[in-house]
Amino acid sequence: MAPDCGPASLAPPTTSSICYVPVQPTTVSRWRALLGDVHFWIPVAVLLAGLLVLRWIA
Amino acid sequence: MDRIAELDPARLRRLQGVGTLSGFAAGAWLGAAEAPTKLVTLGIPPVVISFIMVLGVFLARWSLPALVRGTAAVRDDVRQAPHLVIWAALAGCLWAVANTLTIFAIKHIGLSIAFPLWNANSLLGILWGTLLFNELRDAGRARWLGVLGGAAAMFAGATLLAVASSARAPGGDSLRGIAAALTAGALWGTMYIPYRKAYLTGMHPLSFVAFFTIGELGMMTALALSLSGGPGPLWGELAKSRAVLFWLLLAGFVWVVGDLFQQYAAKYVGISRGIPLSNTNQLWGLLWGMLVFGELAGGGRGAVIAGSLLMAAGAGAIAFASAPGREYRRWQEAGARESARYGVDASYVAARMAGDDAGTARARHTLLDWVLVLAATAVFVGSAALARVPALQVGWGWAAALTLAIFGFLFAGGVALWRTTRFG
């Protein structure tokens with residue numbers, strides 16, 4: 001880890017000056033990033049579908 | 001993306017090697033987890049069996065990380081990428097629902113049809129890995145063929161093995177059974193999205209599993225309460241099961257060792273290769289059943305040998321189709337995308353992806369770690385004192401040989417992971 005990497009939190013994050021790739025500063029919170037991530041909704045949708053199938057079967 | 005640091009090709013080869021070895025070790029340990037459950041005689045509802053196993057899993061998933069890295073290191077990981085706690089718990093929920101569905105699938109259509117259906121999760125894993133995480137991109141035709149052909153061969157082998165190990169034809173509702181098995185496969189295949197997400201964002205496998213199991217136990221408790229008819233009946237079933245509690249907790253513990261290797265496989269070779277490799281657990285489960293518990297004594301060994309050879313050939317094809325440097329670069333791009341989205345330090349993500357973790361090397365243990373380890377040990381010792389060994393014909397020689405084999409994998413995988421990544 002880079003020596004100046006501070007701890008992260010769910011608050012708006014900061015970026016380090018020592019990076020392997022250019023990181024765009026994020027202006028939204030991590031919660032918003034999570035809820036706006038399409039990848040997140042795929043497992044959520046599959047989980048809900050699984051619960052519905054389970055309810056039907058059981 | 002032009003500033004992504006090139007990973008040394010020799011380092012990449014070592015990471016791929018350790019990931020592939022972890023996949024095979026995962027298969028061996030996940031398969032061995034079936035052995036203690038075979039000691040449990042009939043009369044216990046399947047949901048209760050699943051619930052007790054998850055209790056064992058929960059104990060192992062908090063005590064092992066506490067022992068190896070310390071809970072302080074887990075806290076450090078969470079500070080870096082707190083959103084992954086939610087991803088991990090979500091993966092745990094997916095696992096619990098899938099596992100419960102498999103119980104109904106076996107009940108309605110039998111293991112021979114159900115097992116290959118939910119084992120199709122590896123094909124879904126290849127799809128998600130390619131679509132969402134740049135896996136197999138720029139890998140070249142030969143590697144595509146190796147992974148897809150290998151997964152298809154393993155699927156065919158799994159079908160043969162499942163047919164051979166089918167003991168009796170079920171008399172259930174086939175539509176519900178097929179729906180349950182396919183849904184379980186979809187849930188298990190999708191569960192690897194959070195796995196890959198975590199490892200592209202730098203989370204340590206031992207931290208990920210600690211939060212995974214919270215979702216797993218929470219969801220399993222809700223399902224067990226719902227399907228058993230409430231807390232009273234569930235408690236009654238648990239109390240009746242105390243003589244076999246140890247065997248099921250042990251199965252959960254063994255399963256966790258396998259799952260840890262599976263996590264490292266997902267991290268270092270990706271989900272498109274990691275899932276099929278750990279699906280060799282079916283082969284190991286069958287070896288335990290056949291050699292130790294005398295299953296298939298009445299015949300069917302030809303199909304077993306053919307299925308085993310197909311599975312081994314498929315796994316071999318995948319093992320040889322390791323990611324080249326240009327594909328790894330696409331993984332790094334996916335990691336950079338995650339670090340930008342969630343604001344995780346990019347150098348932290350890149351270092352963790354390359355297996356660089358100083359956390360374990362300077363592990364510091366607190367009182368909480370020792371309390372967790374002692375509490376888990378006390379539960380295991382207490383349940384062992386109540387346990388009874390069922391009167392079963394067991395091939396002890398084969399049991400010793402297979403135990404030696406899985407410990408061989410544990411030793412080889414553990415040494416390789418320590419030397420290459422310090423369990424990072």
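Mentor: A residue is buried if 20 or more other C-beta atoms lie within 10 Å of its own, exposed if 12 or fewer, and partly exposed in between, with C-beta atoms placed from the backbone. In chain A, 29% of the 58 residues count as buried. This is a predicted model, where local features need pLDDT of at least 70, side-chain atom pairs count only at pLDDT 80 or more, and totals for chains, interfaces and linings use all residues. Residues are numbered from 1 along each chain as its sequence is written, and chains are lettered from A and ligands numbered from 1 in the order in which they are written.

Trainee: What does chain A average in pLDDT?

Mentor: pLDDT is the predictor's confidence in each residue, from 0 to 100. Chain A averages 68, and 52% of the residues score at least 70. Over residues 1–25 of chain A, pLDDT stays under 50. For that stretch the model has 61 contacts beyond four places in sequence. A contact needs two C-beta atoms, placed from the backbone, within 7 Å.

Trainee: How many helices and strands are in chain B?

Mentor: Helices (H or I, at least four residues) and strands (E, at least two) are DSSP runs, numbered from the N terminus. Chain B has 20 helices and zero strands. Chain A has two helices and zero strands.

Trainee: What radius of gyration does chain B have, and what would a compact globule have?

Mentor: The radius is taken over C-alpha atoms, and the globule rule is 2.2 Å times the number of residues to the power 0.38. For 424 residues, the rule gives a value near 22 Å; chain B has 21 Å, which agrees. Its C-alpha trace spans about 60 × 50 × 40 Å along the principal axes. In chain B, 58% of the residues count as buried. Take contacts in chain B between residues at least 6 apart in sequence: 92% join residues at least 24 apart.

Trainee: Which residues have the most contacts inside the largest nonpolar core?

Mentor: In soluble globular proteins, nonpolar side chains tend to be buried together. A nonpolar core is a set of buried Ala, Val, Leu, Ile, Met, Phe, Trp, Tyr and Cys residues joined through C-beta atoms within 7 Å. The largest one here has 159 residues, and Trp29(B), Ala32(B), Leu94(B), Val97(B) and Ala105(B) have the most contacts inside it. Helix α12 (residues 245–269) of chain B gives the most to this core, with 19 residues. Leaving aside neighbours within four places in sequence, Ala105(B) touches several residues, including Ala114(B), Trp118(B) and Gly177(B).

Trainee: What should helix α7 of chain B span?

Mentor: The expected span is 1.5 Å times one less than the number of residues. The 13 residues of α7 (residues 121–133) should span 18 Å; the end C-alpha atoms are 17 Å apart, which agrees. Buried residues in α7(B) include Leu124(B), Ile126(B), Trp128(B) and Phe133(B).

Trainee: Is Arg422(B) buried or partly exposed?

Mentor: Arg422(B) is partly exposed, with 17 other C-beta atoms within 10 Å. Arg422(B) lies in the segment after α20 (396–421) of chain B. Its phi is near 55 degrees, again positive in a residue other than glycine.
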